[in-house]
Amino acid sequence: MDTHSTSKTPVTLLGLGDMGTALARAWLTAGHPLTVWNRTPEKAEPLAGEGARMVATPAEAVASATGPIVLCLLDDASVGETLDGSDLSGKDVVNLTTNTPAQARQRARWAEERGARFLDGGIMAVPPMIGRPETGGYIFYSGDHALFERHRESLAAPAGVRFVGKDPGHAALHDIALLSAMTGMLAGISHAFALVGPEKDLDRTRFAALLAQWLGAMSGAAHGMAAQLESGDYTEGVTSNLAMMTAANDTLLATAQDQSVDPRLLTPYMELMRHRVAQGHGDEGLAGTVGLLSSE
């Protein structure tokens, strides 16, 4: 622990699951005086041995807080239950509990009605990445910008910080959007490994290296799609149009059948592509499929 901790902003942390504990140790390592509470007190005891101050109730933690009050709990309902009965007047509340954009906006109103300043956060890291800047983990923040700037140094101790707007829901939106993209990528990776699965003489480790390299190269497509969505011209810079890709999809599906692989991870997106071509947009790139996903 930093011996100059008295010069650092005190942090109050409610919630000591795997992520909360990682956050706690990062703040202690950076020299921030730390107050902790957890529903199960035993989880706080090791941190007390490392210099954290344990309190018995959330209300006690909130009452003594002079810096940010950080919540890292199970869900949004847990946030309300934990802070119920605490006087939040004049307090700085930073919610790092995973939630939806709508829940973040509602929680911001809830906090402001109780006299608190509010920031919502979305953690783009797993616990082993916290406190290790070389891993590239970071946390999205949105809401009260002045509050973010006031506590920027403290908030940056566990991971990088990225402020994404005054709308309290934007941190959660960025978080969920990126996680959704990751889910689609992992679906593709799973399908790829299923395709090569029957080939007993194929080295999975070497294949994984090729797969990661290819996905990295293709990730640049996000920039092209963003440009098309901004301009409204979905044919801008297209090298492989929807008509070509839809025709090629038949080969992907035939190979899946030959390898006895269920194509269910791919077919919903392929169906969107076919639908867009049927609408007369075969000369476009993939940006046109985005509108097909919206109910507006």
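Visitor: In what order do the eight strands of the open sheet stand?
Guide: Strands here are DSSP runs of E, at least two residues, and helices are runs of H or I, at least four, both numbered from the N terminus. Two strands pair if DSSP finds at least two bridges between them. The pairing in this open sheet is mixed, and the order of its eight strands is 3-2-1-4-5-6-7-8.

Visitor: What kind of model is this, and how are residues numbered?
Guide: This is a predicted model, in which local features need pLDDT of at least 70, side-chain atom pairs count only at pLDDT 80 or more, and totals for chains, interfaces and linings use all residues. Side-chain values use heavy atoms, leaving out hydrogens and water, and residues are numbered along each chain as its sequence is written, from 1.

Visitor: Which residue of strand 4 stands opposite Leu-13?
Guide: Strand 1 and strand 4 (residues 68-71) run parallel, joined by three bridges. In strand 4, the residue opposite Leu-13 is Val-70.

Visitor: At about what angle does helix 1 run to strand 1?
Guide: Axes are lines fitted to C-alpha atoms, for helices over the stretch in contact, and angles between N-to-C directions run from 0 to 180 degrees. Helix 1 lies across strand 1, strand 2, strand 4 and strand 6. To strand 1, the angle is about 165°.

Visitor: Which strands does helix 8 touch?
Guide: Helix 8 (residues 170-196) packs on the sheet. Its direction makes about 10° with that of strand 6. The strands touched by helix 8 are strand 6 and strand 7.

Visitor: Is Asn-249 buried or exposed?
Guide: Asn-249 lies in helix 11 (residues 242-258). Beyond neighbours within four places in sequence, Asn-249 is in contact (heavy atoms within 4.5 Å) with Met-270 and Met-273. Buried means under 20% relative accessible area, exposed over 50%, partly exposed in between, with a 1.4 Å probe and protein chains only. At a relative accessible area of 7%, Asn-249 is therefore buried.

Visitor: How many residues apart in sequence are the parts that Asp-76 and Arg-107 tie together?
Guide: Asp-76 and Arg-107 form a salt bridge (a side-chain nitrogen of Lys or Arg within 4 Å of a carboxyl oxygen of Asp or Glu), with the closest N and O atoms 3.1 Å apart. Both residues are buried. Asp-76 lies in helix 4 (residues 76-83) and Arg-107 in helix 5 (residues 101-113), so the parts tied together are apart in sequence by 31 residues.

Visitor: Is Glu-134 buried or exposed?
Guide: Glu-134 forms a salt bridge with Arg-132. Arg-132 is partly exposed, at a relative accessible area of 40%. Glu-134 has 59% relative accessibility, so this residue counts as exposed.

Visitor: Which residues do salt bridges with shared partners join into one network?
Guide: A search of the whole structure finds 12 salt bridges. One of them links Glu-149 and Arg-152, at 2.9 Å from N to O. The network joined through shared partners consists of Asp-92, Arg-117 and Arg-150.
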